[in-house]
Amino acid sequence: METVLFLAHTEVDGSLGKPALEALSSVRALASALGGARFVVGLAGAEVQPASNLLAGCGAAEFFGVAGPEFGPSRYATDAAAAEALCKAAQATIIIIPATARWNRVIAGVAQRLGGRVDTHVTGVSAAGTVISVSRWYYRQRMEATLRRAQRPWLILVEPGSQAPWQGQPGVATVREVPVALTEASMRTIVLGVRQPLGDAQTIRPEADLLFVAGAGWTKKQADGQPHVKEAEKLILDCLKLARASLGSSKSLVDLGGEGQAILSFLTHLNQIGQTGATPRHPKGLATCCHGEEPHAVGWRFVNERRAINLDPNCGWARGKADVLYVADAFAVMSKVNQLLAQGTA
Ligand SMILES: Cc1cc2nc3c(=O)[nH]c(=O)nc-3n(C[C@H](O)[C@H](O)[C@H](O)COP(=O)(O)OP(=O)(O)OC[C@H]3O[C@@H](n4cnc5c(N)ncnc54)[C@H](O)[C@@H]3O)c2cc1C
């Protein structure tokens, strides 16, 4: 008999993030596939009662909590100690965890301490009878594998964006407090603060419905023999603002900066999509002035509806990589799209 633990940390405001609620959906789906298996919740954070109350209706048999100001900030030593204590208190054999940046860096170490095994970037957890499998992608999302493990405990980090988040009514949960003995050394690292770009400067928005991808064409000479980089910047930023879209880029475009060429000032390598870049998950994607080469398009694996605008009817997108290709001038198309978005008619 497996004991399934949902392990999560609270957010700064004491709530749970979307990745946690997604991982909880995986836990519930697994428990049901195992014929109604028992599952429990383990939360770590400055305070865990409010978050436990949010999950009161999720069907968990028990709630465990590691709480205290020392568990508020992300810190390897205290996060690992909290996770280890929760797994032990729950006597968990299967532990399902949201793959947040915070958990990603500690869970392999926790698996080592527990004598267990860990799998990362998991996009599905299922069971046939009592046999549990996880699926994940390899070789930059080109191949999907299904894995099983006999070793327990098995710690499974579920990729954010891969599941529908759990939704349910809050209530009042009874939380069993799990003590953790910390040494002075485990609190040596102090988080002084968080620095992040201001609202509008933030171009990467994982929650956005639309991924807007800019290619190197935006900086190339246009029909009049001149590049129009400033105009391109305005069209792209306006679209991001009006559509609340996230900004991706091709490798060629971000690399141009390093080669001293005129580029879009707000782009960094973090925007790069593809084989050597990110694989974001958005319902829709629009590639503009970008050729749609295989190493770029592979990053679009989890974008559901893909469209592209390119002057070249023989570009890579035309060879089956986009659902819709507009053979058109992206400057003209985006200017019209922005106009419609501003009027609220697009
Ligand atoms: C090992 C390896 C890994 C790689 N990894 C990645 C990766 O992770 N991500 C990535 O992006 N690339 C990656 N690449 C590079 C990739 O193969 C492509 O070279 C790159 O993505 C092409 O960028 P691009 O389409 O922006 O530029 P270009 O190939 O220069 O294409 C520009 C396009 O803009 C169009 N255009 C110009 N003006 C207009 C206009 N007014 N309206 C509409 N269209 C216009 C042109 O027709 C052209 O198709 C990798 C390559 C290798 C070899």
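Predicted model: local features only at pLDDT ≥ 70, side-chain atom pairs only at ≥ 80, totals over all residues.
Student: Which strands stand at the edges of the open sheet, each with a single partner strand?

Tutor: Happy to start there! Five strands, paired in parallel, form this open sheet in the order 11-10-12-13-14. One side of each edge strand is left without a neighbour in the sheet, because each has a single partner. The edge strands are strand 11 (246-249) and strand 14 (324-327).

Student: Which residue of strand 13 does lysine 284 stand opposite?

Tutor: Let's look at the pairing of strand 12 (residues 284-288) with strand 13 (residues 305-310). These two strands run in the parallel sense and are joined over five bridges. Opposite lysine 284 stands glutamate 305.

Student: What angle does the direction of helix 6 make with that of strand 10?

Tutor: Helix 6 (residues 229-243) packs on the sheet, where it touches strand 10 (210-214) and strand 11. Its direction and that of strand 10 make an angle of about 175 degrees.

Student: How many nonpolar residues does the contact of helix 6 with helix 9 have?

Tutor: Helix 6 and helix 9 (residues 330-343) have axes 10 Å apart and pack at about 35 degrees, in a left-handed crossing. Among the residues making the contact are Leu235 and Leu242 of helix 6 and Phe331 and Met334 of helix 9. Alongside two polar and two charged residues, the nonpolar ones number nine.

Student: Is glutamate 22 buried or exposed?

Tutor: Good one to check! Glutamate 22 lies in helix 1 (residues 18-33) and touches residues including Glu159, Pro160 and Trp166. Its relative accessibility is 2%, and the cut-off is under 20%. Glutamate 22 therefore counts as buried.

Note on methods
Residues numbered from 1 in each chain as written. Heavy atoms only, no water. Pairing = 2+ DSSP bridges. Helix = DSSP H or I, 4+ residues; strand = E, 2+ residues; numbered from the N terminus. Contact = heavy atoms within 4.5 Å. Axes fitted to C-alpha atoms, helices over the stretch in contact; angles between N-to-C directions. Buried < 20%, exposed > 50% of the residue type's maximum accessible area, 1.4 Å probe, protein only. Left-handed = near helix turned anticlockwise from the far one by under 90°. Nonpolar A, V, L, I, M, F, W, Y, C, P; charged D, E, K, R; others polar. Lists of a residue's contacts leave out its neighbours within four places in sequence.
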